[in-house]
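This report covers pockets, a metal site and aromatic pairs. The entry it describes is shown here.

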Amino acid sequence: MYTQAMDTGPKEERKAVRSAAEAELEARFESHIDEGDFIEAKDWMPEHYRKTLVRQISQHAHSEIVGMLPEGNWVTRAPTLKRKAILLAKVQDEGGHGLYLYAAAETLGTSRDQMIDALHSGRAKYSSIFNYPTLSWADIGVIGWLVDGAAIMNQVPLTRCSYAPYARAMVRICREESFHQRQGFDALNVMMREGTAAQKAMVQDAVDRWWWPSLMMFGPPDGESTHGAQSARWGIKRISNDDLRQKFVDATTDQAKVLGVTPPDPLLKWNDDRGHYDFGPIDWAEFWRVVGGHGPCNRERLDARIKAWDDGAWVRDAAMAYARKQTMKKEAA
Ligand SMILES: [Fe+2]
Ligand SMILES: [Fe+2]
């Protein structure tokens, strides 16, 4: 009792002092955000800001590496050497994006192993779009055009994200995503201009399957988005889900006309008053089903990632042994 009583006073005082200091730090942080300044890894930040960023950046990193799987599936079946070289480069870029992003998330104090474990145990999510299968070569073109196209719309505002290491990673990623989008459009354009009737039908079929899942990539409608308001306040999310989705529909509907394909939406129509295309309702039940683990390929994707991780254990062990040897050599010298 005595010891406890002795402890109470100073501890409470310390707590009060800490709280005042924390309040000052928080006020300084908020004013940095209001002025549009970047936050660096060494800067003080509220715990909730840190957690929000770790969740978002690691989900983004997981999406990049899981996103390699549906396309990697077509590397051996690309129709020409040129298309194979482009696809290989693109899939490799996605692996690089994953690495920049894991490194950005690590600056917030979460280890790579923790993030990988969260993915493999199903606790962490990745973009639901990668749970759909790639059934034909046209799917590879449509992924570039629509999926990478949607990724760019989502990611360009992130180059101005308040957390500087994330913003810097996004600058480089966006440059590469732009190449991904163009190569997809180009592959489809060649098929639509010079292809046989069967190849043109293959493109239309791929557009029919990927159109709606691409619109879902922007996330739930603004009213139902749980993290939207706080992320906007902190300068993590600068444009809302619905505004980005509208921007994407406006851009891709015009591109579809150039390609000569028809998006599978009978309600897609230019609205002069709004200055935008109107579009039909999105099947959010399907979105939540896929996010919840019941899409066409959820199990397959996760199994492939876990197998790749297990198969690569010897490479990680060898790299660690080599690093240890180098350190010992340096110390001995
Ligand atoms: Fe990427
Ligand atoms: Fe990409």
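## Second largest pocket

The second largest pocket is lined by Ile65, Met68, Leu69, Gly95, Gly96, Leu99, Tyr102, Arg112, Ile116, Arg305 and Trp309. Pockets are found on a 1 Å grid over the protein atoms alone, as open sets with protein on both sides within 12 Å along at least five of seven lines, and a lining residue has an atom within 4 Å of a point. Two or more lining residues come from each of α3, α4, α5 (112-120) and α12 (298-311); helices are DSSP runs (H or I, at least four residues), numbered from the N terminus. Helix α4 gives the largest share of this lining, four residues.

The volume of the second largest pocket is about 270 Å³, where a volume is the space filled by probe spheres set on grid points joined across faces, edges and corners. Its lining divides into seven nonpolar, two polar and two charged residues. In this scheme Ala, Val, Leu, Ile, Met, Phe, Trp, Tyr, Cys and Pro are nonpolar, Asp, Glu, Lys and Arg are charged, and the others, Gly among them, are polar.

## Basis of the model

The model is predicted: local features need pLDDT of at least 70 and side-chain atom pairs count only at pLDDT 80 or more, while totals for chains, interfaces and linings use all residues. Residues are numbered from 1 along each chain as its sequence is written, chains are lettered from A and ligands numbered from 1 in the order in which they are written, and side-chain values use heavy atoms, with hydrogens and water left out.

## Largest pocket

The largest pocket has a volume of about 1200 Å³. It is lined by 46 residues, and those closest to its centre are Gln56, Gln59, Asn154, Met217 and Gly219. Elements contributing two or more residues include α2 (47-66), α6 (137-155) and α10 (241-259). The lining has 19 nonpolar, 16 polar and 11 charged residues.

## Iron site

Donors are N, O and S atoms within 2.8 Å of the metal (3.2 Å for Na, K and Ca); water is not among the atoms, so sites may look incomplete.

Glu94 bridges the iron ion (ligand 2) and the iron ion (ligand 1), which are 3.4 Å apart. Glu94 is in helix α4 (residues 81-106) and Glu177 in helix α7 (residues 164-194), so the pair ties together parts 83 residues apart in sequence. Glu94 is buried, at 5% relative accessible area, and Glu177 is buried at 2% (buried means under 20%, exposed over 50%, partly exposed in between; 1.4 Å probe, protein chains only).

## Aromatic pairs

There are nine aromatic pairs. Rings of Phe, Tyr and Trp (its six-membered ring) pair if their centres lie within 6.5 Å; planes under 30 degrees apart count as stacked, over 60 as edge-to-face and the rest as tilted. Phe29 and Tyr49 pair edge-to-face, 4.9 Å centre to centre with 75° between the planes. Both Phe29 and Tyr49 are buried, and ring pairs link Phe29, Trp44 and Tyr49 into a cluster.

Key
1 Å grid on protein atoms, 1.4 Å probe; cavity = no way out; pocket = protein on both sides within 12 Å on 5 of 7 lines; lining within 4 Å.
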